[in-house]
Amino acid sequence: MALILKAQNLTKRYKRMTAVDHISFDLAEGEIVGLLGPNGAGKTTTIQMLLSLIEPSEGHIEIFGEGLSANREKTLEKVNFAAPYAALPYNLTVYENLNVFSLLYGVRDRREKIETLLREFRLVEFRNQRTGALSSGEQTRLGLAKAFLNDPKLLLLDEPTASLDPAIAQHLRTLVCQKMKAVHGAILWTSHNMREMEMVCDRIIFLSLGKIIAEDTVRNLQDRYKKRDLEELFIFLAQ
Ligand code: ATP
């Protein structure tokens, strides 16, 4: 399997602390990898470095075989992300937001693409609603729909289902996984919902105090640590 992402010795230091501490990991085509860890472990910091939103203090990131720092714009063309803290402009309607982002991304057949995403992410009835007037779950759906506008091959999801009810969360998990598997894309997915991680992840990377302390399939990790499920394993590793 070809690699989509390769992070080597990725480190982020702030004045008094090291948020991410020399971590190295890969994502192959078609892989869904869970980035787990307690609050403050360094998950969001890692994702923000992969998106080039913050500069690593040390380390190297390759996406589709290209160095991110040398070739930021080109490398990020087939990358997208969704996170609760990345709210879309509140004054635009749902449709306007998708339209603006599709123009920014240079999407071909953008009207058709937007209609498909509105349907898939169950946003048709909200198309003319101001984004600021959406519920938090509806905003989450819009953020995920936006993340598919550029047909990403690498998707970075930071707690994407945190505000969703169980039924819509289930629909979106399935949809997101199917869409990415169909194009052999990769997802790096953070969540504090261990059942969700068991359902979607091919592999787990467990961070603690900025370091990778465990990495494997859920099954192998459970066997190695003799834990019944991922929740038990998390509580054990997080101690
Ligand atoms: P959570 O599960 O709570 O979302 P996380 O694993 O995403 O946590 P990060 O947001 O990556 O954690 O934060 C890692 C550590 O880096 C935390 O201790 C945080 O306080 C610290 N940190 C993050 N940004 C900064 C900053 N700009 N300046 C100083 N410290 C920071």
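Biologist: Hello! What should I know before I start?

Modeller: Welcome! Residues are numbered from 1 along each chain as its sequence is written, and side-chain values use heavy atoms, with hydrogens and water left out. As the model is predicted, local features need pLDDT of at least 70 and side-chain atom pairs count only at pLDDT 80 or more, while totals for chains, interfaces and linings use all residues.

Biologist: How many disulfides does a search of the whole structure find?

Modeller: A disulfide is a covalent bond between the sulfur atoms of two cysteines. The cut-off here is a pair of cysteine sulfur atoms within 2.5 Å. The search of the whole structure finds zero. For Cys 177, the nearest cysteine sulfur is that of Cys 201, 8.1 Å away, which is too far for a bond.

Biologist: Is Cys 177 buried or exposed?

Modeller: Buried means under 20% relative accessible area, exposed over 50%, and partly exposed in between, using a 1.4 Å probe and protein chains only. Cys 177 has 13% relative accessibility, so it counts as buried. Cys 201, at 11%, is buried too.

Biologist: Where is Ser 102 found?

Modeller: Helices (H or I, at least four residues) and strands (E, at least two) are DSSP runs, numbered from the N terminus. Ser 102 lies in helix H3, residues 94-105, and is buried at 1%. Contact means heavy atoms within 4.5 Å; leaving aside residues up to four places away in sequence, Ser 102 touches Val 107, Arg 110, Ile 114 and Leu 149.

Biologist: Which way do the residues of strand E6 point?

Modeller: Val 79 and Phe 81 point one way, Asn 80 and Ala 82 the other, and all are buried.
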